[in-house]
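Load the model in your viewer and keep the sequence panel open. The stops below go from one selection to the next.

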Amino acid sequence: MRRAVRGFIAFGSIAALTVVGAGVITLRAVGVASLARDSGTVVLEGLGAPVSVSRDDKAIPVIQGESYSDVCRAIGFVHAQERFFQMDMMRRASSGELAALLGAALVERDIEMRARGLGRAARDSFESLPAEHQRWLEAYAAGVNAGLDDLKAWPPEYLLLRAAPTEWRPSDTMLIVSTMALILSDSSSLERVVEGLEAAMPDEVVSFLTQPYSRLDAPLEGGDEYTPLDVPGPDLIDLRTGRATKGTRISAADRDETVMGSNTFAVSGSMTTDGRAILASDPHLGLTAPGIWFRAQLQWGDGADARRVAGVTIPGTPLVVVGSNGNIAWGPTNVHGDFTDHIVIETDPDDPSRYRVPGGWESFGSRIETIEVRAGETRRIELRETRWGAIRGEDSLGRPLVLKWTGSDPSMINLRLLDIAEARTLDQAIEVLGSWWGPPQNIAAADDTGRVALVTSGWLPNRKGIDGRTPASWARQGAGWDGQLDESQRPVFQDPQSGFVYAANARIVAEPVASLIGHAWPIGTRAGRIVELLTDATGLQESDLLNYQLDTDIEPAMEPWRRLVLDSIPESEADQDLRAARESILQWNGTADVDQRGVTILEAFRDAVRADLYASINTIVRERVDGFRYRWTGSDEWTFRVLDERPAHWLQPGFESWEEYARAALVRVLDRMSTGGDRWGKVNTAIVRHPVSLAVPALGAGLDMPESPVPGHWAALRVHRSSFGASMRMVVSPGREQDGILHMPAGQSGHPLSRHYGDMHEDWIRGRPTPLLAGPAVSSFELRPAD
């Protein structure tokens with residue numbers, strides 16, 4: 001949705017004219033009519049029996065039906081009335097249909113999505129689902145369309161756009177899965193980073209800048225793989241002169257990479273007060289209003305067959321992604337692995353209509369895509385097709401590239417997670433979660449007997465003849481993906497001796513499996529902190545695990561930077577500002593709490609030094625690679641190594657020592673702060689905005705959440721920076737959901753005029769232990785089958 005806002009800017013004058021002045025009155029009048037139903041009776045085609053929908057004072061729905069199919073239809077109805085615009089944006093983001101609604105600024109992004117073929121993949125993956133899953137998605141889609149039709153006016157965003165929503169198709173749910181996969185598992189930019197480095201730098205420097213392991217790693221198994229790499233010497237690289245060896249000038253796109261921040265952990269009954277297992281899950285994502293999640297409590301059946309699933313759904317799907325069913329609780333965190341490969345296409349020099357394949361040559365295919373553009377000309381684009389996908393872009397030598405990605409291949413996507421609702425034992429849960437092929441996740445699970453486990457989900461490619469680090473040809477016999485990894489290599493941890501399981505984006509396994517899954521693992525600070533908190537812990541309750549989720553200790557990640565500053569600014573420092581900064585750092589308590597000043601100085605200092613190092617690397621590589629931009633998810637380790645040794649040839653030009661340079665960098669940082677440093681809460685705030693307000697700032701007061709200081713840091717369990725943070729937090733013991741905790745930013749409704757648009761936000765900001773289960777009903781309506 002954030003990306004989609006660029007389209008609003010293209011026709012912002014229309015939005016502004018609609019909203020400012022009399023338009024506000026129109027919006028409010030229509031807004032009341034487009035609020036979700038909270039009473040009455042609706043006849044819903046396809047229902048097998050009546051379904052009741054009640055809401056508590058936070059608009060958490062309790063949906064009670066006789067069958068899961070009926071409940072899917074009902075949650076579709078509720079999603080449409082509360083969040084349809086969000087659903088529409090997410091499906092259009094993957095299908096390449098944003099420009100039709102938002103204008104010409106989205107055309108290039110639509111072309112990229114069409115090249116990936118996600119719309120076609122969604123239709124094909126739906127057709128390949130088991131018949132029962134298809135029926136559930138058909139019921140869900142019918143409920144969505146009925147819920148949309150039941151509104152007395154379209155959601156207000158369509159008023160701003162002067163557009164009408166289009167119907168929901170069963171396969172659109174697969175597009176929502178694709179959009180989440182784009183957010184979570186597209187690692188394609190990393191290959192271009194390695195490719196650029198290899199074009200301009202010696203192998204030893206490339207290995208140093210792309211090392212996969214860190215001194216702070218804390219995997220569930222292994223941990224001995226880390227060996228400090230030698231800092232490359234001045235014969236290989238010298239930042240003072242902007243010199244490295246190799247190469248001829250080539251071209252590549254500017255690249256960036258985002259680090260995830262999710263945590264999941266579960267403790268067995270041996271660690272709790274009464275033998276219950278407890279699970280804690282807090283996926284971190286970009287923060288928007290409305291948020292990504294929608295809380296729900298789904299109930300069906302009766303007697304021994306009665307089921308209740310409580311947790312969070314993603315509007316656009318009936319999936320409860322994080323939740324508990326009374327027997328099993330589950331919570332995912334993203335696997336920061338490698339699930340994409342750029343395939344180099346070798347064109348026949350004698351016949352450019354053909355390309356090399358194993359055993360010979362094959363003719364290119366062709367695909368025409370028609371892209372509708374709001375207030376613009378329809379675009380028709382022709383894509384060259386190969387057996388591996390459509391051509392999109394070139395490598396450093398000008399050869400065509402195809403992007404192979406698990407998220408765009410219908411044979412690598414399913415909705416097995418739907419079946420978790422019926423899992424009654426930990427073994428059943430492991431089987432379901434391990435065979436779910438969505439964006440790969442490390443999923444912790446706990447059961448009602450006190451057992452815990454962790455399993456890696458997703459389709460995990462088995463590479464042969466390639467390593468996935470750089471673009472490569474698949475034309476050689478046997479090169480490419482040879483199915484997926486053998487199930488014996490899928491990480492599964494069950495009933496651990498330690499009594500707990502955990503994952504925090506960093507690697508969880510030892511070699512050789514770790515490198516088969518990925519090679520750019522995030523630093524293991526959060527995993528290490530979980531281990532530190534849980535080792536030897538006993539008598540735990542749900543409140544303890546929530547406190548762990550809110551933990552802000554970051555000392556291990558910041559200690560090398562603290563040491564450099566203290567070594568560079570003596571106790572006898574004459575400069576008042578530097579002396580005050582030194583004192584703030586000495587008094588820092590090692591956390592990212594809002595009242596701390598030392599962390600503000602250290603984080604700004606770290607950013608400044610790393611920016612200088614990155615700029616020097618970019619300068620060197622750009623002599624050979626136009627537009628290169630270095631990013632690596634595990635880059636903290638090599639910067640630690642540089643700080644360990646402080647070699648002169650890794651200094652910025654004009655400095656004789658690291659202490660001299662650090663002093664100058666700190667002066668730059670302090671120029672932007674008050675004496676002694678700003679409090680962390682001044683710079684670390686929660687910025688949660690509606691995409692429309694980014695285009696029409698005048699609407700911000702009504703659309704955005706209040707900006708608030710919050711504790712947290714990229715290295716803390718409570719990850720937070722600006723518009724990135726915990727998208728929800730859940731703590732629950734299966735079978736004891738009444739003691740469970742769940743909070744999330746913003747609110748249930750996507751409608752700015754609803755009182756439930758932001759009524760959960762303050763609890764999330766404060767980290768309050770609000771209940772998982774819905775409270776007493778304050779409103780209700782009934783869905784009845786047609787006669």
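Predicted model: local features only at pLDDT ≥ 70, side-chain atom pairs only at ≥ 80, totals over all residues.

**Stop 1: two cis peptide bonds**

Select P512, which lies in the loop between strand 28 (500–503) and helix 14 (513–517); helices (H or I, at least four residues) and strands (E, at least two) are DSSP runs, numbered from the N terminus. The peptide bond from E511 to P512 is cis, with omega near 5°.

Residues are numbered from 1 along each chain as its sequence is written, and side-chain values use heavy atoms, with hydrogens and water left out.

**Stop 2: helix 4 against helix 10**

Two packed helices are described by the angle between their axes and the distance between the axes. Select residues 68–95 for helix 4 and residues 172–185 for helix 10: the two pack at an angle of about 75°, with their axes 8 Å apart. Axes are lines fitted to C-alpha atoms, for helices over the stretch in contact, and angles run from 0 to 180 degrees between N-to-C directions. Helix 4 is therefore roughly perpendicular to helix 10 (angles of 65 to 115 degrees count as roughly perpendicular, under 35 as roughly parallel, over 145 as roughly antiparallel and the rest as oblique).

Show side chains at the contact (heavy atoms within 4.5 Å). M87, M90, R91, A93, S94 and S95 of helix 4 meet D172, L175, I176, S178, T179, M180 and L182 of helix 10. By class, the contact of helix 4 with helix 10 has seven nonpolar, four polar and two charged residues (Ala, Val, Leu, Ile, Met, Phe, Trp, Tyr, Cys and Pro count as nonpolar, Asp, Glu, Lys and Arg as charged, and the others, Gly among them, as polar).

**Stop 3: aromatic pairs**

How many aromatic pairs does a search of the whole structure find? The search finds 21, where rings of Phe, Tyr and Trp (its six-membered ring) pair if their centres lie within 6.5 Å, and planes under 30 degrees apart count as stacked, over 60 as edge-to-face and the rest as tilted.

Select Y68 and W136, an edge-to-face pair at 4.7 Å centre to centre with 90° between the planes. Y68 lies in helix 4 and W136 in helix 8 (residues 131–150), so the pair ties together parts that are 68 residues apart in sequence. Both Y68 and W136 are buried (under 20% relative accessible area, with exposed over 50% and partly exposed in between, for a 1.4 Å probe and protein chains only).

Then select F85 and Y158, whose ring centres are 5.5 Å apart and whose planes stand at 85°, so this pair is edge-to-face. F85 belongs to helix 4 and Y158 to helix 9 (residues 156–161), so the pair joins parts that are 73 residues apart in sequence. F85 and Y158 are buried.

Finish this stop at Y355, F364, W388, W459, W474 and W481, which ring pairs link into a cluster.

**Stop 4: helix 20 and its end**

Select residues 635–645, helix 20, where nine of the 11 residues are buried. Those nine are S635, D636, E637, W638, T639, F640, R641, V642 and L643. They pack against helix 12 (203–209), helix 17 (555–568), helix 19 (598–622) and helix 21 (658–670).

Move on to R646, in the loop between helix 20 and helix 21. R646 has a positive phi of about 50° although it is not a glycine. Most residues other than glycine have a negative phi, and most peptide bonds are trans. For another positive phi, select R162, with a value near 55°. R162 is found in the loop between helix 9 and helix 10 and, at 60% relative accessibility, counts as exposed.

**Stop 5: two buried residues**

Select R529 in helix 15 (residues 525–534). R529 is buried, with a relative accessible area of 15%, and touches D551, D553 and L717, not counting residues up to four places away in sequence.

Last, select S584 in helix 18 (residues 576–587). S584 is buried at 12% relative accessible area. With residues up to four places away in sequence left out, S584 touches R597, G598, I601 and G676.
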